[in-house]
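Work through the exercises below with the sequence and the structure side by side. Each task is followed by its solution.

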Amino acid sequence: MKIKRNGSAAWQGGIKDGKGSISTGSGALAHYPYGFSSRFEGLPGTNPEELIGAAHAGCFTMALSLILGEAKLTATQMDTTAEVTLEQADGGFSITAVHLTLKAQVPGADQATFDQLVQAAKVNCPVSKLLKAEITLDAELLA
């Protein structure tokens, strides 16, 4: 099975004074603004790094749901954040790291099983496989 999804971007102007918009094929984002100021100066709008973070958090959490199910466990709640690090080095920028933070309620899971399943999800989620950055993870099993 091969599934294809798409996203698109439009841009007008130079790097600092230009403006762009990002859209997804599903319509979840439609012409959502992004630009230099939202990427590097913290002003309103989105940026590629936070979109990668959202995609990675979503992918990892879904992968964990699958892996938990295979272990006959079901989470009642999972909340994941992905912090994406963009660093300047060698005259350019690179995404150098992603840190996942998970807080999960999984009835019936002991800490050792939880840790093992979480690590499997981190390694096997398709977005983790795509990224060559260091991917770290803090996972907390909530009572």
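Buried means under 20% relative accessible area, exposed over 50%, and partly exposed in between, with a 1.4 Å probe and protein chains only. The model is predicted: local features need pLDDT of at least 70, side-chain atom pairs count only at pLDDT 80 or more, and totals for chains, interfaces and linings use all residues. Residues are numbered from 1 along each chain as its sequence is written, and side-chain values use heavy atoms, with hydrogens and water left out.

**Exercise 1.** Describe the backbone and the surroundings of H31.

Step 1. Phi of H31 is near 55 degrees, a positive value in a residue other than glycine.
Step 2. The loop between β2 (19-24) and β3 (32-34) holds H31; strands (E, at least two residues) and helices (H or I, at least four) are DSSP runs, numbered from the N terminus.
Step 3. With a relative accessible area of 61%, H31 is exposed.

**Exercise 2.** Do the analysis for D90.

Step 1. D90 has a phi near 55 degrees, which is positive although the residue is not glycine.
Step 2. Its place is the loop between β4 (77-89) and β5 (92-105).
Step 3. D90 is exposed at 86% relative accessible area.

**Exercise 3.** Classify the aromatic pair of F36 and F40.

Step 1. Rings of Phe, Tyr and Trp (its six-membered ring) pair if their centres lie within 6.5 Å; planes under 30 degrees apart are stacked, over 60 edge-to-face, the rest tilted.
Step 2. The count by this rule is three aromatic pairs.
Step 3. F36 and F40 form a tilted pair, 4.9 Å centre to centre with 40 degrees between the planes.
Step 4. Both sit in helix α1 (residues 36-40), four residues apart, so about one helical turn separates them.
Step 5. F36 is buried at 18% relative accessibility, whereas F40 is partly exposed at 33%.
Step 6. F36, F40 and F93 form one aromatic cluster.
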